[in-house]
Structures are given as structure tokens and as C-alpha cells.
Amino acid sequence: MRLDKGETLAIVGESGCGKTVVGWSILRLIEPTSGEILFKGLNIMNLRGKRYGELKRKMQIIFQNADSSLDPRMSVRNLITEPFRANRIFFNGDTIRELMEKVDLNEELLERYPHELSGGQRQRIGVARAIALKPELIVADEPASSLDFSVQAQILYLLKKIQRDYGVSYLFISHNLNIVRMMADRIAVMNMGKIVEMGRTEDIFERSAHPYTQALLSAIPAIGSDRRKRIILKGEMPSQSEIPKGCRFHTRCPLKKRICETTIPTTTEISSGHCVSCHLVCDTG
Amino acid sequence: MAASLLEIRDLNVKFRTDAGLVDACNGIDLMIRERESLCLIGESGCGKSVVALAILNLLPENAIISGEVIFKGRDLLNLNEKEMRGVRGNEISMIFEQPGTCLNPVFPIGDQIAEALRIHEHLRKNEAKEKAVELMVHVGISPQRYGEYPHQFSGGMQQRVMIAMALAFRPSIIVADEPTTSLDLITQAQILDLLKKVSQENNISLFLITHDLGVVWEMCDSLAVMYAGEIVERAPIYEFFHSPMHPYSKALLGSISKSGFHPIGGSVPNLTDLLDGCRFHPRCDKCSDICKKLRPKMTYFSTRGVRCHHYSA
């Protein structure tokens, strides 16, 4: 997949489908088994030492769980200046003030510790740490899913504002399609470690072609939708250690054909930038 | 209209804590009819789980409770522990948010379902096992998994186990406190579908607690919105989504809408140190002088009620 400058690409899928693994691989928090990751044209898999360090500054992450990703023994001041210290970059009071202002936190909080903050404030610290070094790519791994809805909206609004101000790109990992719809320019749908459909947000929401995407969309408890018209998938996701033959979704697919059990589907571009890997789509298109 | 099954009247719950008295629930009035599904919605810390726990008399020792919880003509708050045990599970069942923490990790799933049957209905071992298998099939768990342990079940499957246990004694009400919050979308759809199916088939009323407006829409006939320990609005589902009345309800519905994010400014008030007047006034865009001074009363219209000065006569 590809992520352009200033763009938001969302990866959606069930828990355990591998969305976080993709995000972490990009930052090499997990070392990928094989493949290439190009950041501004450079294959980061081959970079080492100082050059990698410089590049890495441009890529940051916001973790899902702000409670466990902040060191409980560090004050807010230490937490938000850690990126500077770790990279030996100069900072002063103005830098701190500016950063706190960017994430709408009061300066009074600087001497507090994580346990004294609310979930929303903690996540704002997470955002401040991520944007401190002015990165060009931020991997946002379920940045709001542990938060309440009104706080969720505040954090997402903040992320949008930061994107507008800095032109940063987001790889936005989420299982909440309502949120993804508002955040993303493009969406990649993942099932069992594979991207099954990718396209612009309106392609996915209005012209989804893969049965898995359609099931995901119909699972959104959307207000105003017809309560009865729902695709409920039967059964559980198979184990990642016993991946089914053929199409990985065939065990749960409501539209399964014989070919799906034996042959892995190829990816077809059904319209500009809208790719699907499903036998049913290849047949008709 | 069906008869009322459970009625909560002027329920107040305060907690004694080191930080002072926490005013968790204030003047809660709610009613659940037979076969109705009622939803209580609100942010974390607004006191919605406290209401659920108060119904079943499961609040901790430091709680000061007043009011009435009338269920089939009896006030549950006046029952002693032994009488209450006869209500819990038999008449009112509860499903919690984290099914994993409610199951015993060292006993097989099937035995845990059967254990409840043996204790409550005094069934013999093989009778209980038969009934447990029946319940497992009913909620969509293969009987072959009878001997498996909780850690071998996914979150969704664990929640099915909890539903099986909740159904074991044909209760009249199931109280479900955020039953799908820890599950992902596909599993959530499966579990909600199951809950709806079993409650309709067995004529069970559902008291659902959630913070997800989408879930409310899917599941409920009517809802109550809670803010800082108070019910601020009660309405049938279609009327609520069509025309929310309370400024908080409006802000909730507007906070994530198709037109983008409109977060509600400010944050939830501290329940140990509440301001005078309406509890929502510091965050309300329609706040006027009276809102800062006087606590609004619930104003009732034909099918709905709202706690806001802007609607009182």
C-alpha cells in the first residue's frame, strides 16, 4: 500500500487481523519477515545507524493505550520533552509552551504525573510526544478507542487540526468505521493478515465490493439504519496459525463458491485506485 | 402498553470516600415494562453502572442508598441478603462488560453453567449437564466445547457463556452493562443479535447500559440519558433520535456526525464538588442565569421527559 503526503490512510479490520502489526512494522517496532518499506523513496529496511536515526524522527506513533504507554514515574514536563532529550535536540520553555498549547493542555499540568490526569489528557500527552519532533508520518494506532465518546471527538478533532497545520500524513488504525469515515481519505480493509479491499473512503462506503467489507459495514450500529438489514457473519475468525486454503475469508463468507476453497484470489482494480481481491468480483468484472 | 415490571423511584446513591461524599446518582426515576428494552446512556463516570448495581443490591459498603426499586410489588432495597439472592439470577440477571473476569479460569465452561443450575434449581449432576448443553446450543456454542476452559474462548464466545448463564433461570429482566464494549465490530453485531433474539423469544425485558448511541438505536425501544449522576432526558427511541431535547443530548448526537466532529467543550464535573444549578451548565451553549442558580426539575411531555430550564413552563 501507499500513503501520500498529508493524506490519511486508514487500516480497518477485526481484532487480530494484523492491522497493528502493519503499523508497528513501519516503525520497525516489529522486524518484518520480508518485504520493503519505502519512506520518501528510501528503503528503511536497509538503513542503519545515523541515517536511520534521522529518518526515524520523521515517523512517530500514537499508541492506543495512553495509560500504559506513559511512564508513570515521569512528570508531564519530562514526558513531553523526552523526544528532544532522546534525540539530543535543543528545546526551551517556549518549545514546551508551544507544544502544550498545540494539544490544548494547560501549562499548570506540567508538574503532574500520568495518574493525576484524565484519559483524554493522557492521550493529549501521547499526541504531544508524537508531534514534538515535527514528523511527516504518524501511525495512530486506535488513538481514541479507549476513550469516551465526547473525549474521543475532542482527540480526533485535535488530530485533524494538527494535520491541517503541519501537513502530516496519518496511518490511522481503527476498527471503528464511523470514525474512519470522518478521518480517512483512503481505506484499506484487512482480513486475516491480508488487504482484501482498498480504495477511497467513498469507494469503500458506497461501492464496497468485497463480502468482508460489506459485512463490516453492515455491522456498524449506525443511527437511522434499517435495523433488520444486517449481514451477521457466522462463526469465529480462524486461527492465524491454521490459515484456510484458498481465500482466507471463505470459512465465514456468505457468498462462498467452490473456487474460493481452493484458489487464492488475485487483486483486481475495479475502478481507479479501488482494488479488491475476491473471486466473485473477478468473475463479473 | 405492557405493565411496568421494574420501577426505580427517586434513587439516590452517595459514596463515602476520602475525598468526600461522591454524589453518584441523584433522583433517578426509571421504569422498565414487560418485554421492553430500555437503554441508559452516558459517559464513563456518570453513574450508569451504579444504577445497575443498585438494582441488584451489589453496591459496596461505603454506599449510602435511598429511594425505591420496585420489582413485582416488592422494594428490592428492603430485602435482606438471603431474599436478594433469590432475586439475583432467578428474576434479574446481569451481564458484565468483561466476561473474562466473570468466569472462573480453573473450571471448564460447561461445569460453570451447570454449577449455577445445580445451586439455584437443585438439579442433579447429569440433569444440570443436560440443561447446560441445551443452553450452550441456544446461545450458539458447540456442545463439544463443554469441557474447555475460559482462556480457550474468545471474548465474543465468553460473552455467549455469560448470556447462557443469564438465561438459565428464565429471568424477567437482563441487566447488560456495556455487554459489547470490549468486543470488535463483527462480534458486537453477533452478540447484539443474540441478545435481541433470546430476549424476544423468552419475553425478557432488557436493561442495557452503554455509551454507544449506535447500539442504542439497534437494540432499544426507549432510552434515558444520564449526565453527572442525573437523568437529563427520557424518550422513546425514534423521538429521541428525531428530535433530542436536552442540550447535552443534542451535543452527543452532534459530536460525531457525518458533517464532522463537534466535540462538547469542557469536561464532566467533579461529583464530589458539584456546582449549583444545572449540572450541565458550564458546558452548555444555551446557559442562562437561572441555569447557574437553580437545579432544573424533570419536565414531562406526553411520552418523554427532559431536565432543562429551557423546557419548563
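**Helix packing and a buried arginine**

Reply: Helix α4 (residues 109-121) of chain B packs with helix α6 (residues 155-167) of chain B at an angle of about 20 degrees, and their axes are 9 Å apart. Axes are lines fitted to C-alpha atoms, for helices over the stretch in contact, and angles run from 0 to 180 degrees between N-to-C directions. Helices are DSSP runs of H or I, at least four residues, numbered from the N terminus. This is a predicted model, in which local features need pLDDT of at least 70, side-chain atom pairs count only at pLDDT 80 or more, and totals for chains, interfaces and linings use all residues. Residues are numbered from 1 along each chain as its sequence is written, chains are lettered from A in the order in which they are written, and side-chain values use heavy atoms, without hydrogens and water.

Me: Why are α4(B) and α6(B) called roughly parallel?

Reply: Angles under 35 degrees count as roughly parallel. The angle here is about 20 degrees, so α4(B) and α6(B) are roughly parallel to each other.

Me: Which residues of α4(B) and α6(B) meet?

Reply: B:Ile109, B:Gln112 and B:Ile113 in α4(B) meet B:Val161, B:Ala164 and B:Met165 in α6(B).

Me: What makes A:Arg28 count as buried?

Reply: Buried means under 20% relative accessible area (1.4 Å probe, protein chains only). A:Arg28 has 15% relative accessibility, so A:Arg28 counts as buried. Leaving aside neighbours within four places in sequence, A:Arg28 is in contact (heavy atoms within 4.5 Å) with A:Ile44, A:Met45, A:Leu47, A:Arg48 and A:Tyr52.

Me: How far is the backbone oxygen of A:Leu47 from a polar atom of the side chain of A:Arg28?

Reply: The distance is 3.5 Å.

Definitions and conventions: Buried < 20%, exposed > 50% of the residue type's maximum accessible area, 1.4 Å probe, protein only. Polar contact = N/O pair within 3.5 Å; in protein donor to acceptor, adjacent residues only side chain to side chain. Helix = DSSP H or I, 4+ residues; strand = E, 2+ residues; numbered from the N terminus. Parallel < 35°, antiparallel > 145°, perpendicular 65-115°, else oblique.
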